[in-house]
Amino acid sequence: MDANSETTKLSSDPSEAQSLEHQRGTGSIRLVLVAAGVASLSGLMLGYEIGITSGVLLQLRGLLSLSCREQELLVSSYLLGALLICLAGGHILDRYGRRCSLLLSAALVVGGSILLIAATSLIALTLGRVIVGMGTSLSGTGACLYIAEISPMERRGLLVTLYEFMLVVGVMLGFGCSYAFATLPYGWTYTFGLVIAPALLQIGVLVFLPPSPRFLVSQGKVEQARIVLARLRGGVQEHVEKELAAISTGLKEESEHSFLEVFSTKANLRSRLLTGVTLVFLQQATGQPNILSYASPLLRSVGFNSDAAATLASTGFGVVKVVGTIPAVLLVDSVGPKSFLCGGAVAMGISLLALGALTLQSHTNLTSLCKSHTIINHTHAPWDLNETSIGLENSDIYSTDLPYQWNSEESQRTNREDDGILESIGGRTYGGGSSLLKWASLISLLVYVAAFSISLGPMVYVVLSEIFPMGIRGRAVSVVSAVNWATNLLISMTFLTITEKIGVANMMFLYAAMSFVLLVFVIFCVPETKGRTLEEISKELAKK
């Protein structure tokens, strides 16, 4: 009797009902934020792996006396792994779901990182980077789709860009950790191993989070999808049923799509695919991956005359990426991704033109990007990563405790690399510019990184998560991601080689030209998605 009376009282009291509804809404918002945050750890791991590349490269190229080609191999092995998983990633995402894909990818990151820590040769390092690349690539694609599909329409853009924000935080941490461990014996092993912590955290929390409701509906589990939507939307039955009906209708209309139809003209799928492919191609072709992967060598070339100074200066890239991403995260839903892309393309083009002109004045050439610029001490050994006069026999980094294979490789390569080092040091190619040119070049690079971070970085992911139909979204995004990683792989594998042929300045001018191509493409070919549901966007694109 008392229980019934209490229930009647609560149901008849509007203020109590509103309070309960507010509590449910607050709980659902927290759940969405936690799910999006945990999924965004994928961005943190991806950014971290990108950020550590240049700093670790400086350490390992001296330790292993890596040639230009071997440096390109070490950098591009990570991208090769990302490309390989993209070829099968669409099936994994659509067959097993976004959450299970994130669990698998985190396990790959852990396994690959353990292999890197235990590596005793360049081959083992390359294999470990391939595995880590596979994990972070699958994780990135799955995270963006998962966040887009659990988020309410009015917060979808904000939460998807949270992934990019975490990515740039990861880049900053990667640069910072590379600098922190740069002078420690085997410092690169600590740098490689730190990513294991967020991967294990993601695995531990994901098992308790709900799957994507859109994925559940696509698998015929409508009741489970209704329960998940009720948790994500605060239990408001009207909103849950309306969104569930929209999902079901959209899936029913799109269920006839096969994988090959991604390339067909049906529902304008080919045009949508070309839009996504061109966006990610231009994202790579404007030069950002190489600026990050070869940041420390590039900064040495414009006047930062030690590995530590170059690595510390490159840490500024990470800080700028974080600061630049904040307005993109906060304003994407009100401004829209298209406006951000246009503004960023202009700023990138201008800063790259300035950098190219400054590089011409400083007479930078490839030798300063490819070789380790160490001070030769003829009394001691010729190699010292930290540019001191300490000889090989007195250096912990090059102690005889290193694996035999590495000492053997080093001794075999020392003679053939020595002439190049002497030429580089004698010609001062890494410090040829004045102090003014050095800092002007750094400022131009920082402006370029900031422009990318506020536009092309986060907004491409927003557009990709919105322009494809649900029935083939996983496969379509995987095709686009494969092109993304393939372009990145090709550019990174040839950056040092091409720069040797045409020079750093002409490379910057080429990137500037691609930035203005991006501007034209966005104006005429990228749809405006601001303030529309995924279903509305899909219907409109199918008609165009």
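This report describes the helices, the nonpolar cores and several individual residues of a predicted model.

**Overall make-up**

The protein chain contains 23 helices and 0 strands, and of its 544 residues 58% are buried. Among contacts in the protein chain with a separation of 6 or more, those between residues 24 or more positions apart account for 83%.

**Nonpolar cores**

The largest nonpolar core has 131 residues, and the members that touch the most other members are Leu-125, Tyr-163, Leu-279, Ile-291, Phe-317, Trp-485 and Met-508. Helix α2, which spans residues 14-63, gives the most to this core, with 14 residues. A second, separate core has 6 residues, including Leu-41, Met-166, Val-169 and Val-322.

**Two helix pairs**

Helix α3 (residues 68-96) and helix α4 (residues 98-117) have axes that come within 6 Å and cross at roughly 130°, which makes α3 oblique to α4. The residues that meet are Ile-92, Leu-93, Asp-94 and Tyr-96 in α3, and Arg-98, Cys-100, Ser-101 and Leu-104 in α4. By class, this contact of α3 with α4 comprises 5 nonpolar, 1 polar and 2 charged residues.

The axes of α19 and α20 are 4 Å apart, and the two helices pack at an angle of about 20°; α19 and α20 are therefore roughly parallel to each other. On the α19 side the contact is made by Ala-451, Phe-452, Ser-453 and Ile-454, and on the α20 side by Leu-456, Gly-457, Pro-458 and Met-459. The residues of the contact of α19 with α20 divide into 6 nonpolar and 2 polar, with no charged residues.

Ser-455 is found in the loop between α19 (435-454) and α20 (456-467), and because its relative accessibility is 1%, Ser-455 counts as buried. A polar atom of the Ser-455 side chain lies 2.6 Å from the backbone oxygen of Ala-451, a residue that also takes part in the contact of α19 with α20. When residues up to four places away in sequence are not counted, Ser-455 touches Phe-340, Leu-341, Gly-344, Ala-345, Met-348 and Val-460.

Ser-453, for its part, is found in helix α19 and counts as buried at 0% relative accessibility. Leaving aside neighbours within four places in sequence, Ser-453 is in contact with Lys-321, Gly-324, Thr-325, Ala-328 and Pro-458, and Pro-458 is one of the α20 residues in the contact between the two helices.

**Other individual residues**

Thr-53 has its place in helix α2 and is buried, with a relative accessible area of 10%. The side chain of Thr-53 reaches the backbone oxygen of Ile-50 at 3.3 Å, while, residues up to four places away in sequence not being counted, Thr-53 touches Val-75, Arg-129 and Ser-293. Although Thr-53 and Phe-192 are 139 residues apart along the chain, their C-alpha atoms are separated by 9.7 Å.

Pro-213 has its place in helix α9, residues 213-218, and is buried, with a relative accessible area of 0%. Apart from residues up to four places away in sequence, which are not counted, Pro-213 touches Glu-149, Ile-150, Ala-225, Val-228, Leu-229 and Leu-232. Pro-213 and Glu-223 are 10 residues apart in sequence, and 9.9 Å lie between them in space, C-alpha to C-alpha.

Tyr-186 lies in the loop between α6 (156-180) and α7 (187-193). Its phi is near 55°, a positive value in a residue other than glycine. Most residues other than glycine have a negative phi. With a relative accessibility of 27%, Tyr-186 counts as partly exposed.

The accessibility values of these residues are listed below.

| Residue | Relative accessibility | Class |
|---|---|---|
| Ser-453 | 0% | buried |
| Pro-213 | 0% | buried |
| Ser-455 | 1% | buried |
| Thr-53 | 10% | buried |
| Tyr-186 | 27% | partly exposed |

Conventions
Residues numbered from 1 in each chain as written. Predicted model: local features only at pLDDT ≥ 70, side-chain atom pairs only at ≥ 80, totals over all residues. Heavy atoms only, no water. Axes fitted to C-alpha atoms, helices over the stretch in contact; angles between N-to-C directions. Parallel < 35°, antiparallel > 145°, perpendicular 65-115°, else oblique. Contact = heavy atoms within 4.5 Å. Nonpolar A, V, L, I, M, F, W, Y, C, P; charged D, E, K, R; others polar. Core = buried A, V, L, I, M, F, W, Y, C linked by side-chain atoms within 4.5 Å. Buried < 20%, exposed > 50% of the residue type's maximum accessible area, 1.4 Å probe, protein only. Polar contact = N/O pair within 3.5 Å; in protein donor to acceptor, adjacent residues only side chain to side chain.
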